[in-house]
Amino acid sequence: MKTAILFTAAAALAASVAAADIKEKLRQFRDPANVNQENVFKLLNDRHARRMEKLGELLEERQTQLVDHERGHRKLNTEDHARVTRQSVNFERKLTQLKSVDPTEHADMMQHDAESLYRLNSVDYLDFDSKNKN
């Protein structure tokens with residue numbers, strides 16, 4: 001019986017220490033002084049470049065489907081043809097829009113995304129003190 005009580009007490013102590021350690025690690029992670037802005041902008045620029053590349057691939061794929069349909073290689077039904085045509089127009093419009101952004105506007109967008117990313121990461125989703133409040 002004493003062993004069970006000691007084990008329970010030790011487990012509770014270990015859990016509270018672990019929660020405090022995790023909370024401290026999260027606090028350090030969220031500290032703006034520990035954030036390397038250069039890495040954040042590099043990450044966001046890489047993501048933007050991948051997005052542009054993916055949009056280009058999707059546009060090329062849809063245009064190929066439309067050409068194959070027109071040549072009779074692979075006929076699309078009415079719904080698929082309408083969907084592929086609509087997607088082709090939308091992908092082309094978005095790609096043109098992203099390519100026409102000037103460097104200062106692009107930098108502003110990246111700054112806004114970095115701030116949004118920081119706000120998202122700074123939210124305390126895990127409430128370690130809720131057990132102690134009851």
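User: Which residues does Met52 touch, not counting residues up to four places away in sequence?

Analyst: This is a predicted model. In it, Met52 touches Leu95, Leu98 and Lys99, when residues up to four places away in sequence are not counted.

User: Which residues make up the largest nonpolar core?

Analyst: That core has 7 residues, and Met52 is one of them. The largest share, 4 residues, comes from H2.

User: Stepping back, how many helices and strands does the protein have?

Analyst: The protein has 5 helices and 0 strands. Read from the N terminus on, its elements run α-α-α-α-α.

User: And how much of the protein is buried?

Analyst: Buried residues make up 15% of the 134 residues.

User: Which residues of H2 are buried?

Analyst: The buried residues of H2 are Val40, Leu44, His48, Met52, Leu55, Leu58, Leu59, Arg62, Leu66 and His69.

User: What span should H2 have, and what does the model show?

Analyst: H2 has 35 residues, and at 1.5 Å a residue it should span 51 Å.

User: What follows H2?

Analyst: H2 is followed by Gly72. The phi of Gly72 is positive, near 90 degrees.

User: Back to the packing. How are two packed helices described?

Analyst: They are described by the angle between their axes and the distance between those axes.

User: What are those values for H2 and H3?

Analyst: H2 and H3 pack at an angle of about 145 degrees, and their axes are 9 Å apart.

User: Is their crossing left-handed or right-handed?

Analyst: The crossing of H2 and H3 is left-handed.

User: Which residues meet where H2 and H3 pack?

Analyst: On the H2 side, the residues include His48, Arg51, Met52, Leu55, Gly56 and Leu58. On the H3 side, they include Ser88, Phe91, Glu92, Lys94, Leu95 and Leu98.

User: Let me pick Leu55. Is Leu55 buried or exposed?

Analyst: Leu55, which is found in helix H2, has 10% relative accessibility and therefore counts as buried.

User: What is Leu55 in contact with?

Analyst: Leaving aside its neighbours within four places in sequence, Leu55 is in contact with Phe91, Lys94, Leu95 and Leu98.

User: And how far apart are the C-alpha atoms of Leu55 and Asn90?

Analyst: They are separated by 9.8 Å, while the two residues are 35 residues apart along the chain.

User: What share of the contacts in the protein with a separation of 6 or more comes from residues 24 or more positions apart?

Analyst: Such pairs account for 77% of those contacts.

User: Now Ser88. Where is Ser88 found, and is Ser88 buried or exposed?

Analyst: Ser88 is found in helix H3. At 7% relative accessibility, Ser88 counts as buried.

User: Which residues does Ser88 touch?

Analyst: Ser88 touches Leu59, Arg62, Gln63 and Leu66, not counting residues up to four places away in sequence.

User: New topic: how many salt bridges does the structure hold?

Analyst: The structure holds 3 salt bridges. In one of them, the side chains of Asp46 and Lys42 meet at 3.3 Å, N to O. Both residues lie in helix H2, 4 residues apart, which is about one turn of the helix. Asp46 is partly exposed, with a relative accessible area of 35%.

User: Which residue does Glu61 meet in a salt bridge?

Analyst: The side chain of Glu61 meets that of Arg62, at 2.8 Å, N to O. Glu61 counts as partly exposed at 42% relative accessibility, whereas Arg62 counts as buried at 11%.

User: And what does Arg83 form a salt bridge with?

Analyst: Arg83 forms a salt bridge with Asp80, and their closest N and O atoms are 3.5 Å apart. Arg83 and Asp80 are 3 residues apart in helix H3, so about one helical turn separates them.

User: Is Arg83 buried or partly exposed, and what about Asp80?

Analyst: Arg83 counts as partly exposed, at 31% relative accessibility. Asp80 is partly exposed, with a relative accessible area of 27%.

Methods:
Residues numbered from 1 in each chain as written. Predicted model: local features only at pLDDT ≥ 70, side-chain atom pairs only at ≥ 80, totals over all residues. Heavy atoms only, no water. Core = buried A, V, L, I, M, F, W, Y, C linked by side-chain atoms within 4.5 Å. Buried < 20%, exposed > 50% of the residue type's maximum accessible area, 1.4 Å probe, protein only. Helix = DSSP H or I, 4+ residues; strand = E, 2+ residues; numbered from the N terminus. Contact = heavy atoms within 4.5 Å. Expected span 1.5 Å × (residues − 1). Salt bridge = Lys/Arg side-chain N within 4 Å of Asp/Glu carboxyl O. Axes fitted to C-alpha atoms, helices over the stretch in contact; angles between N-to-C directions. Left-handed = near helix turned anticlockwise from the far one by under 90°.
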